[in-house]
Amino acid sequence: MTELMTPALSGAAAGLGVAMPMGAISVLLLQDAMRHARTAVAAAAGVAAVDLAYAAVATAVGPWVAGHVTPVEAWVRLAAAAVLLAIAAHGLWTSRTRAGTAAAPADARAGTAAAPADAAAGTPAPAPAGAGRAFLRYVGLTAVNPTTALYFAALTTAQGAALGGGAAAAAFLGGVGVASLLWQQLLVGVGAFAGSRISGTARSWTFRLGYGLVAACAVKIALPLP
């Protein structure tokens, strides 16, 4: 059981790293929670489901890729770390340049869909008709951006053999799913209680914490250097 703690904690850190930055999807979730807390719970589950699905695909493919590049494994880790650092740097720069504005910062959740952009601009999203529809709506909105897939692909390929075993991979995925779901449900609770009072400063700090986790994962993956 002890040997599964490391991949589980690694998965939890990965799940929080992609979930915590508050962008367009988070804004939509908060708005829906202020109006319809019950359907927002289902919506939050939809966001976490996409995180888990992307992580599962990446975990299935990553060790196979890593196994075929063993001679240059250190360089693969370095390339994966560079991808993660680029994601973190872009997110942190975006949070700095857009802090305190009405527009939702681009992040691992922003995607290219028009609905999040409209919500960030202050146009209320239509209320979901039910929990099932809310779940599917947020699955679609979250899945349209490939950044989350790239994020998990870089993480799992770099870890390679560490996730090669079924138990370790399951522990990693469990950590991802639980961490992402808990964070999304926390947003729902905050939105239902006092979503309209969340300040730009608070949102900015979620960016720093979330992308700080991504950067920390990158450094851990990169060491030791080739």
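Residues are numbered from 1 along each chain as its sequence is written, and side-chain values use heavy atoms, with hydrogens and water left out.

The mean pLDDT of the chain is 74. Of its residues, 69% reach 70 or more. A contact means heavy atoms within 4.5 Å. Where pLDDT is low, the predicted coordinates should not be read in detail.

The chain holds 9 helices and 0 strands. Both kinds of element are DSSP runs, numbered from the N terminus: helices are H or I, at least four residues, and strands are E, at least two. Of the 226 residues in the chain, 46% are buried. Buried means under 20% relative accessible area, exposed over 50%, and partly exposed in between (1.4 Å probe, protein chains only).

The largest nonpolar core has 23 residues. Such a core is a set of buried Ala, Val, Leu, Ile, Met, Phe, Trp, Tyr and Cys residues joined through side-chain atoms within 4.5 Å. Ala14, Leu84, Tyr151, Phe152 and Leu155 touch the most other members. At least two residues of this core come from each of α1 (5-19), α3 (37-67), α4 (73-98), α7 (147-159), α8 (166-194) and α9 (200-222). The largest share, 7 residues, comes from α9. Another core, of 18 residues, lies apart from it; Leu28, Leu29, Leu30 and Ala33 are among its members.

Phenylalanine 152 has several partners. Leaving aside neighbours within four places in sequence, this residue is in contact with Ala14, Val18, Asp51, Tyr54, Ala55, Ala58 and Val176. Valine 18 counts as buried, at 2% relative accessibility. Alanine 179 is 161 residues from valine 18 along the chain, yet their C-alpha atoms are separated by 9.9 Å.

A search of the whole structure finds 1 salt bridge. The term covers a side-chain nitrogen of Lys or Arg within 4 Å of a carboxyl oxygen of Asp or Glu. Arginine 137 forms this bridge with aspartate 32, and the closest N and O atoms are 3.4 Å apart. Arginine 137 lies in helix α6 (residues 131-143) and aspartate 32 in helix α2 (residues 24-35), so the pair ties together parts that are 105 residues apart in sequence. Arginine 137 is partly exposed, at 21% relative accessibility. Aspartate 32 is buried, at 1%.

The accessible surface of the chain is about 10300 Å², by the Shrake-Rupley method with a 1.4 Å probe; for residues, only the protein chains shown count as cover. Carbon and sulfur atoms hold 72% of this surface.

Technical notes
Predicted model: local features only at pLDDT ≥ 70, side-chain atom pairs only at ≥ 80, totals over all residues. pLDDT = per-residue confidence, 0-100.
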